Amino acid sequence: MRHFIKKHPEQQQNIVLNNVIANALALFTNDLKRDGITVIGPSQASVTVFADEILIQQVLVNLIRNALDAIKQCVPPVAKPQIIFDMQITESDVILKIADNGIGMTGEQLGKLFVPFVTSKDNGLGLGMTICKRIIEAHHGRIWAQSQPAGSGIFISLPLAEGAQHDNQ
């Protein structure tokens, strides 16, 4: 945890995205168990990107927290709450989808998702998604959101590490 919050110089290197996802989820083990939320991980065993592990983990922590909040806001509660991680590999990128079956987002919320100081949370600052966008763009990636029939999906595109082998199972 100390390493996660400590200020550090950006250190981009080849990292296994699956491990970063697992480490981010580990911070929420108690919340996930307490709230009965099932996590479905990506089916790919190993996807390597060139990135700063701590910064990408910060993005994932924010997105997981948002998914948990969206699930908790459902009235009545979701019968089988889930957070799903899925990866699509292209020639040069991986697209990571983080989906939940929470309350979802309106068209207006989707349009203002990355606008600083705009939030739908009572105690939110409206900076989380703005920071996520800046981090992902600094890694030559993209981040966007889509509504789904149940909940929301956040998509992150990151360049694959050059020369790394990727398991496309």
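**View 1. Helix 4 passes helix 6 in a left-handed crossing.** Here a crossing is left-handed if the near helix is turned anticlockwise from the far one by less than a right angle. Helices (H or I, at least four residues) and strands (E, at least two) are DSSP runs, numbered from the N terminus. On the helix 4 side, the contact (heavy atoms within 4.5 Å) is made by Leu55, Ile56, Gln58, Val59, Asn62, Leu63 and Asn66. Helix 6 brings Gly128, Met129, Cys132, Ile135 and Ile136. These residues divide into eight nonpolar, four polar and no charged, where Ala, Val, Leu, Ile, Met, Phe, Trp, Tyr, Cys and Pro count as nonpolar, Asp, Glu, Lys and Arg as charged, and the others, Gly among them, as polar. The two axes, of residues 53-72 and 128-138, come within 10 Å and cross at roughly 145 degrees; they are lines fitted to C-alpha atoms over the stretch in contact, with angles from 0 to 180 degrees between N-to-C directions.

Before the next views, a word on the model: it is predicted, so local features need pLDDT of at least 70 and side-chain atom pairs count only at pLDDT 80 or more, while totals for chains, interfaces and linings use all residues. Residues are numbered from 1 along each chain as its sequence is written, and side-chain values use heavy atoms, leaving out hydrogens and water.

**View 2. Helix 4 is largely enclosed by the rest of the structure, because 15 of its 20 residues are buried.** Buried means under 20% relative accessible area, exposed over 50%, and partly exposed in between (1.4 Å probe, protein chains only).

**View 3. Histidine 139 sits in the loop between helix 6 and strand 6 (142-147).** With a relative accessibility of 2%, histidine 139 counts as buried. Leaving aside neighbours within four places in sequence, histidine 139 is in contact with Gln12, Phe50, Ala51, Asp52, Leu55, Ile56, Leu158 and Pro159.

**View 4. Glutamine 12 belongs to strand 1 (residues 12-16).** Glutamine 12 is partly exposed, at a relative accessible area of 25%. Not counting residues up to four places away in sequence, glutamine 12 touches Phe50, Ala51, Asp52, Ala138 and His139. Look also for leucine 55: glutamine 12 and leucine 55 are 43 residues apart in sequence, and their C-alpha atoms are 9.5 Å apart in space.
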